[in-house]
Every structure is written in C-alpha cells, then in structure tokens.
Amino acid sequence: MKIVAAKKILKANDQLAAENRALLDAAGVFGVNVVGSPGAGKTTLLEALFAQLKGRLKPAVIEGDIAGSIDAERIERIGVPVVQINTEGACHLDANMIASALKELDLAAIDVLVIENVGNLVCTAGYDLGERLRIVVLSTSEGDDKAHKYPAIFQGAHAMLITKTDLLPHTDFDVERIAADYKRLAPEGEVFQVSAVHGDGVAEAADWLADKCRQSK
Ligand code: MG
Ligand code: ZN
C-alpha cells in the first residue's frame with residue numbers, strides 16, 4: 001500500500017503557488033483569490049467591481065467551478081478575458097490548476113487577475129494559489145456566525161466583503177458581530193459592505209482594490 005500524506009501534497013502546492021506568484025509578479029499582474037460559499041454573490045460582485053474599475057485597471061478572471069461555465073460566460077459578456085477551470089468534483093482550486101490556466105492568458109495585457117474560487121468556505125483556505133490578496137465574500141443571507149464557525153478562511157483573508165446588504169432589513173444578520181469576529185481573526189483586515197445590485201459600497205471596495213494593486217507595483 002502506498003500512502004501519500006496530505007502535508008506533502010500541500011507542500012507541493014505551496015511550491016507551485018510560489019512559481020505562480022513569481023510569474024505574475026514578473027508580468028506586473030496583481031493576483032487576487034476570491035473565496036466564499038456558493039451563492040455568496042462572488043460573480044455579481046466581480047461584475048460590479050469591474051464596471052467601477054473600467055479605465056483604471058485591466059482585469060482578467062479565472063473561474064473555478066465544479067461543472068459548467070455559467071459564471072465565465074457572464075464575465076465574457078462584460079468584455080473581460082476569462083479562463084474557466086472545471087474541477088470535475090474537486091471542491092477547491094489548487095496552484096497546479098492555476099498554473100495551467102495562466103498559460104491561456106495574455107499576462108502582458110492585464111494588470112489584475114481575479115481568481116474566483118469554487119464556492120466553499122472550508123478547504124479553499126488551505127490552498128495558496130499564488131495570489132497577493134485574498135478576499136472572502138459573505139452574503140447577509142448566510143448568517144453572521146460564519147467567521148466563528150469557519151475561522152481559517154476568514155483568518156487568511158485581507159478583506160471581508162459583506163454582500164447583499166440590501167437584504168439586511170429581511171434578516172437578523174448582525175454586521176457588527178461578524179466584523180468583530182473577523183477582526184479578532186484578522187486584525188489588519190478590511191471590512192466592506194456592498195450591495196452589488198444597488199451599487200452601494202462598490203466604489204469603496206473598488207478603490208481599495210485599485211490601491212492595493214497600485215501599491216504592489
Ligand atoms: Mg460565481
Ligand atoms: Zn476542497
């Protein structure tokens with residue numbers, strides 16, 4: 001019997017992630033890993049952010065999904081270069097998948113690469129993809145206990161974007177509670193409140209992303 005330890009797999013992933021990061025850095029591309037549950041509003045958020053950043057940043061997207069290309073088609077429709085990764089059952093992206101997808105992108109033509117991870121608050125936390133920035137997206141309909149219950153993903157995120165704030169009057173979601181839990185895990189982390197469909201808070205989040213991108217150059 002042959003047994004491969006999970007730790008070894010993660011070590012190989014870290015090595016590949018470092019190579020991805022070096023490749024992106026050399027091309028002047030700022031990598032962003034967007035994580036969150038299925039239905040948190042990740043793709044809708046990206047559409048809103050890209051509309052806001054038009055003329056300021058040249059983005060591209062890698063879409064991670066177990067099956068299909070619905071989100072990639074949405075990104076393509078707004079004129080942003082996109083590569084779809086179908087994980088065929090795997091519940092997270094890894095650095096090896098990103099390395100393959102990077103070959104399909106013209107890195108010289110972009111300055112920010114947004115990777116929309118597979119919808120999952122658990123194991124996406126353990127896989128460095130070679131990004132410089134990680135954003136966790138949490139919608140108000142998911143509940144304000146998620147940072148408490150899934151600490152790793154929040155701990156590793158540079159910002160928490162609370163989405164669907166237009167639904168706040170219809171939920172008992174407590175923004176202060178989740179913000180306090182998140183700040184305990186990531187004291188340096190930023191918190192944004194966004195309603196992508198109404199446009200509230202999009203400019204603030206977009207400005208922050210543009211600043212982070214600029215600072216990395
Ligand atoms: Mg999506
Ligand atoms: Zn997974």
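Reply: Start at the magnesium ion (ligand 1), which is coordinated by Thr43 (OG1), Asp71 (OD) and Glu116 (OE), at 2.1 Å. Donors here are N, O and S atoms within 2.8 Å of the metal (3.2 Å for Na, K and Ca); water is not among the atoms, so sites may look incomplete. Along the chain, the magnesium donors follow the spacing T-x27-D-x44-E. Threonine 43 lies in helix α2 (residues 42-53) and aspartate 71 in helix α3 (residues 70-77), so this pair ties together parts that are 28 residues apart in sequence. Helices (H or I, at least four residues) and strands (E, at least two) are DSSP runs, numbered from the N terminus. Threonine 43 and aspartate 71 are both buried. Buried means under 20% relative accessible area, exposed over 50%, and partly exposed in between (1.4 Å probe, protein chains only).

A word on the ground rules. This is a predicted model, in which local features need pLDDT of at least 70 and side-chain atom pairs count only at pLDDT 80 or more, while totals for chains, interfaces and linings use all residues. Residues are numbered from 1 along each chain as its sequence is written, chains are lettered from A and ligands numbered from 1 in the order in which they are written, and side-chain values use heavy atoms, without hydrogens or water.

Axes are lines fitted to C-alpha atoms, for helices over the stretch in contact, and angles run from 0 to 180 degrees between N-to-C directions.

Those strands belong to an open sheet of seven, in the order β3-β2-β4-β1-β5-β6-β7, with parallel pairing. β3 and β7 (190-193) stand at the edges with a single partner strand each, so one side of each has no neighbour in the sheet. On average, neighbouring strands are turned by 20° against each other, direction ignored. Two strands pair if DSSP finds at least two bridges between them.

Take β2 (residues 59-65) next. It pairs with β3 in the parallel sense over five bridges, and valine 61 stands opposite valine 82 in β3.

β1 (residues 30-36) is mostly covered, with seven of its seven residues buried. Phe30, Val32, Val34 and Gly36 are buried on one side, and Gly31, Asn33 and Val35 on the other. β1 pairs in the parallel sense with β4 (residues 112-116) over five bridges. There, asparagine 33 has isoleucine 115 as its bridge partner. With β5 (residues 133-139), β1 again pairs in the parallel sense over five bridges. Valine 34 has isoleucine 135 as its partner in β5.

The chain also holds a zinc ion (ligand 2). Its protein donors are Cys91 (SG), His92 (ND1) and Cys123 (SG), at 2.0 to 2.2 Å. Their spacing is C-H-x30-C. Histidine 92 lies in the loop between β3 (82-86) and α4 (95-102), and cysteine 123 in the loop between β4 and β5, so the pair ties together parts that are 31 residues apart in sequence. Histidine 92 is buried, at 12% relative accessible area. Glutamate 88 is in the loop between β3 and α4 too, but it is exposed, at 71%. Its phi is near 50°, a positive value in a residue other than glycine.
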